Each structure stands twice: as structure tokens, then as C-alpha cells.
Amino acid sequence: MSEKFDVIVIGAGPAGYVAALRCAQLGMNTACVDDWQDSEGNPSLGGTCLNVGCIPSKALLDSSEKYSQTQHEFADHGISVGKVELDVSKMIERKNGIVSNLTKGIAGLFKANKITSLHGRGKLLANKQVEVSKDGKTATYSADNVIIAVGSEPISIPVAQVDNDVILDNAGALDINKVPKKLGVIGAGVIGLELGSVWKRLGSEVTLFEAMDEFLAPVDKQLSREAFRTFTKGQGLDIKLGAKVTETKVNKKSVRVTYELNGESHSDTFDKLIVAVGRRANTRDIASDDAGLKLDERGRVDVDDHCRTSIDGVYAIGDAVKGPMLAHKGSEEGVFVAEVIAGQKPHLNHDTVPWVIYTHPEIAWVGITEEQAKAQGIDYNTGFFPFAANGRSMAMNEKGGRVKVIADAKTDRVLGVHILGPNASELIAEAVLAMEYSASTEDIARTVHAHPTLSEALHEAALATTGRALHKV
Ligand code: FAD
């Protein structure tokens, strides 16, 4: 007889570990299977996000931003510093310390909540059995409910095979121990921009190759245009749009990249090349044929709007299913599914999932863009407010960016909020809450915002949708 649980979660990333925690809190006997291991071969919970994604990238973004400020900003504040030394190994060590604290923290939470942590590769078998294999040994468990949260992996492209020495994926890009003189990045999406920004701030000459002609396609056009100018002219990132990499040749410690741009072939040599062309669901060999698990056309686990798969009692969440590949989206699905299993009637609104790009300035948004409002034939109003006219922003020496609000012209309901500017990642939370409660721009306009704060820019942008901005520029 195999050991039986109320719930087995496969994957301990932000989707899976949160699902396991909520199941345990609701009184279910829960196990969580995960196969991640650190560089020393020890289990490390938290998935991509904690080990090689959200957290380590933000640690390095923060360190590199501080370094960059000493070079480019302190003088404006009347602060002069002597020669500033950079210790990349210390920076990486700090980042690794944060990762280790957080991943151990999850192990602690599992213990406190009596979750059985199973280290190994999980596979769904028929009748909600889960096989766990590790080092050639297998054990089989069964459960009333299974939650698949196997996450995603970087997409590899044949023209640039990752060796994590010269050609790097996101994990390798977070572990470079010396600032590369010249760094190439394939892909100018969220991950490419964040990682490119880290090394640019630390002194690399950075070129990003983006096959699409459009910069940051999902972002509202007004903001993406301003962001493009800031990143290229302002910060010196060389972003080549419509540039298709056709060949790479590694030569000991450098790589020659050949790319097509405007019908012509060009090449350049880099010390390191990061491949950041997107991610795909990690569903290879996730279920036996007789389990009956359906995948969709993109290899993700096929789920309905309640995260239910083709098998009764089997759910799937996070990067492994449709929707944006974002940690908080996966975590909320984890809570949702746990509560569904417990017989509750939870609510999860995928239309108000916020997006953030942690560049400087940050880009954050929720809801629809102006282009989407137009395409959907919606009669809408827009309101803007630039950070250049916001007192707190000036005090912080942050001059660029804006807040843009899109509202339904008839009902005044907020349909989208787009922010390019300082602390956009934090400011967007107010907009998410407003939209979750179906607020109108009038609701935001009538809400008292502290002065002087960056959030006053959202207040003014809400007022501006009806032509009432107080500090109109
Ligand atoms: P994952 O985090 O991928 O976790 C899945 C886990 O399941 C892993 O531990 C994996 O080893 C394990 N697993 C897979 N298959 C099996 C199996 N068969 N058996 C056992 N275990 C298995 N998102 C944000 O919201 N904000 C950010 O700032 C952000 N920054 C990012 C920066 C980078 C560089 C990258 C790469 C990603 C970033 N993301 C960010 C995306 C975020 O990391 C993912 O959306 C998130 O990790 C998905 O969570 P998940 O639980 O679905 O999957």
C-alpha cells in the first residue's frame, strides 16, 4: 500500500509551496514533491523565483542601482565620493545569502505546517498516484487531490546553445563573477532588460538583440516609447529591434554573434551572451500516458478557469498553465485551488494581475492598454501625470516617467493603469486594489493621498481623465 495524502503538490515554486501551505492551514494532510537542488546538491525549495528568478535578480538590480547612483547621481545631491570600488564576488555572495535565507525559510514553514517534503522528480500516474524518483530509486504515493505546479524552464534556441560559461541562461547570468567588458543579450523582454540593466550599471557595454520590431509589445505604447528612449539614449543600452541572431561561435572566452538587421548581416563579439528569449512550461514527462492528463497546444497543462485539469481531483497552477508567467499569479492560483479543494468558494480575478518590469525607472501596469481599449471598441478617457511635476519625485531626483489612467467614458470605471517611474512596482498596488473593487476614477480622485508622495501622481492622473488635474502641465 502506498502512503496516502489528502493532497500532493508537485513543485515547490511560488505556486506550489503556497498551495501546499494553504492546504495544510486548512487541515489537509499535505505532501510537496520538488526536485530543485542548489550547487552543492542540497534540496532548495522556492523554485525558479527564489533560486534563479525574482529574488536574486532583484538583489542584483538593487546592488547595481546603488553602485550606479554613486557614479551618476550622488554629485547632483552634492555628495562627492572618492574612487568607488566594485566587489562583484561580494555582490553575488550577498545575493546568494538572500536566496539561502528565503529557501530555508520555506523549509521551515513546511516543517511548522507539518507538510511532508519529498525531494525528487514527481510524475502523475493513473488514479492520482504520484511516483517520486531520485537517484534511480522510486517510491509511489497516492492522494485524493494532486496539484501540478511544475513551473517553467528557459527556452533554448539552436543558434545559441547555453554552456553557462560564455553563453548563459538566467541562472548563469546571475552568477557572473567579473563584469564582462561587452555583454550581448538575446531578447529585450522583461528578463533580458532586467539582466542587461544589472550588468550595464556595473560597467558592461550591453547590446540587446530583439527579433520583434516592437519594443515591449504588451506595454502601453506611450510608456514603452518613453521607456525605450530612457533605456537607450539615457542609459546607453544598445537595443537593436528587428535583429535576428542567426549564428553564434564560441571562441574560448568570447562569442561572435551574427545577426540580421534590415536585410543585412552584421556581427559583433562579446565576452558573455545571455539568452533570454522566453520560458516554456516544464511539463515534459510529467504524467504517464494512462494518467489521462491533457496538455494544450503550447505544452502547458490544459486547465479551465478554475485550474481544473482533464482529470477529476487534479489541478494545475502557475507557469505550467495558461496566463502570465508571474510568481504572484501562481501563488494566488495556489491559494485558490487549496480553498476549492477544502470546499470553499474562493475568488481569483485574472484581469487584475499586475505586471512589473524592475528596470530603472520601473514599469508597472494592470488592466488594459489604450491600444486594447481601441481594439475592443471601448469608448474611453485617458488621464496622465508626469513625475517631472511631482514634488516627491523631484526631491528624489527622479525626473522621468508618468502615470496613465484609462477609464470607461460612460461609467468612469478604471480599465487600466500604466506607470513608468520611480517605485512603480509599489505604486501599482493602489491601482490593483481600485480595479479589484471596480473603482471609478472619481473614487481615486476623492481618496486623500499623502503629500508629498509619488502616489499623488496617480491621484492627479485620475483627476486628469475628466480634465480636472490640479497641477496641470
Ligand atoms: P517555478 O518557480 O518554476 O517552480 C517549479 C518547481 O517545480 C521548481 O522547483 C522545479 O524544480 C520543480 N519541478 C518541476 N518539475 C518537477 C517534477 N516533475 N517533480 C518535482 N519537481 C518538479 N516573476 C515575478 O512575478 N516577478 C519577478 O520579479 C520575476 N522575476 C524573474 C526573473 C527571472 C530571471 C526569471 C527567470 C523569472 C522571473 N519571474 C518573475 C518569473 C517567476 O520566477 C515565475 O513566474 C515563477 O517562479 C513561477 O512559479 P511556479 O511555482 O509556477 O514555478
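**Figure 1. Who sits around the ligand.** By class, the shell around the ligand holds 17 nonpolar, 15 polar and four charged residues. Here Ala, Val, Leu, Ile, Met, Phe, Trp, Tyr, Cys and Pro count as nonpolar, Asp, Glu, Lys and Arg as charged, and the others, Gly among them, as polar. A quick word on the model: it is predicted, so local features need pLDDT of at least 70 and side-chain atom pairs count only at pLDDT 80 or more, while totals for chains, interfaces and linings use all residues. Residues are numbered from 1 along each chain as its sequence is written. Of the 36 residues around the ligand, the ones that come nearest are G11, G13, G47, G151 and G318. (A residue is near a molecule or strand if its C-beta atom, placed from the backbone, lies within 6 Å of it.) Several elements supply at least two shell residues each: α1 (14-25), β2 (30-34), α2 (47-52), α3 (54-72), β4 (121-125) and α8 (327-341). Those labels come from DSSP runs numbered from the N terminus, with helices being H or I of at least four residues and strands being E of at least two.

**Figure 2. The whole chain, before zooming back in.** The protein chain has 13 helices and 22 strands. Along the principal axes, its C-alpha atoms fill a box of roughly 70 × 60 × 45 Å. A compact globule of 473 residues would have a radius of gyration near 23 Å, and the 24 Å of the protein chain agrees with that. (The radius is taken over C-alpha atoms, and the globule rule is 2.2 Å times the number of residues to the power 0.38.) Buried residues make up 45% of the 473. A residue is buried if 20 or more other C-beta atoms lie within 10 Å of its own, exposed if 12 or fewer, and partly exposed in between, with C-beta atoms placed from the backbone. Of the contacts with a separation of 6 or more, 65% are between residues 24 or more positions apart. (Contact means that the C-beta atoms of two residues, placed from the backbone, lie within 7 Å.)

**Figure 3. Strand β9 and its two partners.** Four of the five residues in β9 (residues 182-186) are buried, so this strand is mostly covered. On one hand, β9 runs parallel to β10 (residues 205-210), with five bridges joining them; G184 stands opposite T207 in β10. On the other, β9 runs parallel to β15 (residues 272-275), joined by four bridges; here V185 has I274 as its bridge partner.

**Figure 4. Two cis peptide bonds.** H360 and P361 are joined by a cis peptide bond, with omega about 0°. P361 lies in the loop between β18 (355-357) and β19 (362-367). H451 and P452 are joined by a cis peptide bond too, with omega about -10°. Look for P452 in the loop between α12 (441-445) and α13 (456-464).

**Figure 5. Positive phi without glycine.** K114 has phi near 55°, a positive value in a residue other than glycine. This lysine is in the loop between α4 (88-112) and β3 (116-119), and it counts as exposed because it has 9 C-beta neighbours inside 10 Å. N423 also has a positive phi, near 55°. N423 is in the loop between β22 (414-421) and α11 (424-436); with 18 C-beta neighbours inside 10 Å, N423 counts as partly exposed.

Figure 6. A139 lies in strand β6 (residues 137-148). The C-alpha atoms of A139 and E3 are separated by 9.3 Å, although the two residues are 136 apart along the chain. G236 lies in the loop between α7 (221-234) and β11 (238-241), and is exposed, with 10 other C-beta atoms within 10 Å. From G236 to V206, 30 residues apart along the chain, the C-alpha separation is 8.0 Å.

How values were computed: Two strands pair if DSSP finds at least two bridges between them.
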